[in-house]
Amino acid sequence: MTDTARTARTGVPERPTLDGLEETWSRRWQEDGTYAFDRSKERSDVYAIDTPPPTVSGELHMGHVFSYTHTDLVARFQRMRGRTVFYPIGWDDNGLPTERRVQNVYGVRCDPSLPYDPDWQAPQAPVDDAARKDPTPISRRNFIELCERLTVSDEQVFEALWRRLGLSVDWSLMYTTIGPAARATSQRAFLRNLARGEAYQAEAPTLWDVGFATAVAQAELEDRERPGAYHRLRFHRPDGREVLIDTTRPELLPACVALVCHPDDERYADLVGTMVRTPVFGVQVPVRAHALADPAKGTGIAMVCTFGDLTDVTWWRELDLETRVVIGRDGRLLPEPPSGVPGGPYAELAGQTVNGARRRLVELLADAGDLVGDVRPITHPVKFYERGDRPLEIVSTRQWYLRNGGRDADLREALLARGRELRWVPEHMRHRYEHWVSGLTGDWLVSRQRFFGVPVPVWYRLDDVGEPDWSHPLTPDDATLPIDPSEDAPPGYDESQRGAPGGFVGDPDVLDTWATSSLTPQLVGGWERDPELFAKVFPMDLRPQGQEIIRTWLFATVVRAHLEHGTLPWHTAELSGWILDPDRKKMSKSKGNVVTPMALLEQHGSDAVRYWSANGRPGTDLAFDPAQIKVGRRLATKLLNASRFALGLGAADALRAPATTALDRAVLAELSSVVAAATTAFEAYDHTAALQATESFFWRFCDDYIELVKERAYGTGTGADSARATLATALSVQLRLFAPVLPYATEEVWSWWRYGSVHRAPWPTTYEVDRAVQGEGDPALLRLASDALSQVRRAKSERKLSMRAEVPLAEALGPAALLDQLTEVADDLRAAGRIGKLDLLPDRTTELVIACAF
């Protein structure tokens, strides 16, 4: 919409205010479809954004406001540049965070063995601590219904905040990662990966979160410093020689399958290829050599257990060692000893927690005389699931994997090449991607042993004794998606055959939440659902996201697009920095220094908070600074008041008239350079530089130019016409320059004197500004006039006089050429400074000096 739109001008209010603008304009934008995507346009006219879907089971914080505002700045700029912007919004509502929230709010837990109860009623939420500690078991379907109910209410809270913040998304494109379209998209992509051999199932050592009872992928790990202790154990050789090893996990002694040393470690060279006996259990294990063994760590020789950590997995695989698993999925030692381990001593440990088994085994070692020296306390990094609160274990499970280059050098190189094709903002973020891809040690584990998620869309035939045929999964027809194998039967079977010999069983797992989120371009773009739309938006133009999820969301999305489409999913990735507290520490819920945004939006206004956000560049950390938010509010308020003043001088009726006087031409010449600088900055995704250029000019425009010309603008004649024309052009251009950052204030002012929405108006161009200048304009002249006026003001301030005080005589001293320029603005300077007489005294000083006599 431009000047020809139907929306009437509202007129200039007597006392403009920022209060209430969010409610007024959010509603109007929705009613008018201001930000609606126009799918009739050609692909070259489309700018498509793959917007991050926030996790609705969490709480929005200033980090969200920071990064989502950055995306909105890009969207608004591109829309004003004439592109139709495809800007959807979604909610990431499946997976572990939602399940945990439901458990805590309602005091329930999912028990898949229970039948569905259609009459079951959820307790009044939130429940007390007693109910959380003793949760009520409910069926899987009842549990999922509860998850769906809670996410709907959470989404409404998120939507209210995003609307108040002024995100210019097209709300008709809203999606969820658990909705029917998302489930169908995720399952379709998985089935195609399966058909091409990119998805596969394997029984293998798996990182396991005991608290959530699910497998965890490599990308979801984080190290946390935890207290531990080194125990020195004595192993025995047949010749009586002892071998000492240090371990922090003595409870894994019954899982020991070898000792390993470095190939070049001469201390143990004669042991390699021989056998030693484990203490307490007396099991014979080999001594092997491997380059990953660290001669400087502990005694230089390590115990290999199945499985204590990821290095154990590497040694087990590459040295082709036996498997002796002792820890189960519940985090307790299995009731029966592994093969070859005597049951007597193992019975002391069976069924115990890891900590309990550790304490008992240390006692057994001490009794046997095989615990050497004192236990040595240490602090060391321990691997956790990023959302978990208990250390991860490694258990052997059957899981689904997706090839991601972790075990395929050619695929890894292809994905690295994709990273080099992508435009990174800022560029140095590409190195994080390359570091992650180059360091992958295995394929992407995509199955999860949870409930609220996209079901793995396969079934398995059962043989005559009811054992599943894992190697030949049954798959659904594409047209039937989405499906739930726990409720739907495979083609050629009926429900009566579920679980029966000769029948079938559904895969009980769900897909990792990233396995769905990695398909957001396909999901929002209508892949296989709306081919016409997909052709217009994919590959997308922009992926904005946090730097901490390069290894998960960004990389996973690149993997899916590469495998399915043979291309990148977008052309540019814009990475946001961290939000820091006033002490320059990263804000996080775990540190308790998170600031929630709604109160700030209500107190200061959305434009003020957006201003603070816009002062942080992509990839650069920004401190949370309430003072800067207050600066943003002052800026937005000044924009209202200065606009009201300019329009009160008659600027509204002078738009497109020429600027003819020297000062007016000068201000527009400088404004033209500001337009060029802001445009170049926005094109480079540097919204901060664009804001700085615009804001710097705006304050000089208000404090100096308006003061210099207001007397002339009140008058009549060509000089007054020129002033009003300049005010009109400058106001129109500056409103559009500020519009991405201050959408509410600029829309309010635009409505006073222009038609349509400022956010549908064209982005200003240097041609537009230059066209309003009759003749040449010299920006230096504005700076000269500003300097002179500033000196007059300073003289009054030093004498504690009002700025309205008269100056009977002022003398201008300086180089002759400079004073010749000053004569071009002398009339405006006299009027603004209330100078009775202005004398020019050339060549008395090397710089401009204004001497005032009172």
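The model is predicted, so local features need pLDDT of at least 70 and side-chain atom pairs count only at pLDDT 80 or more, while totals for chains, interfaces and linings use all residues. Residues are numbered from 1 along each chain as its sequence is written, and side-chain values use heavy atoms, leaving out hydrogens and water.

Let's start with the whole thing. Along its principal axes, the C-alpha trace spans about 110 × 65 × 55 Å. The chain has 26 helices and 29 strands; these are DSSP runs, with helices being H or I of at least four residues and strands E of at least two, numbered from the N terminus.

Now look inside. Of the 854 residues, 55% are buried, meaning under 20% relative accessible area with a 1.4 Å probe, protein chains only. The largest nonpolar core has 88 residues, and Leu727 is one of those with the most contacts inside it. Such a core is a set of buried Ala, Val, Leu, Ile, Met, Phe, Trp, Tyr and Cys residues joined through side-chain atoms within 4.5 Å. A second, separate core has 64 residues, including Phe37 and Val558.

Finally, find helix α22, residues 743-753. Why is α22 largely enclosed by the rest of the structure? Because 11 of its 11 residues are buried. Among them are Trp750, Trp752 and Trp753, along with Glu747 and Glu748. What covers the buried residues of α22 includes α1 (21-32), α5 (140-165) and α18 (626-648), where covering goes by contact, that is, heavy atoms within 4.5 Å.

Key:
Buried means under 20% relative accessible area, exposed over 50%, partly exposed in between (1.4 Å probe, protein chains only).
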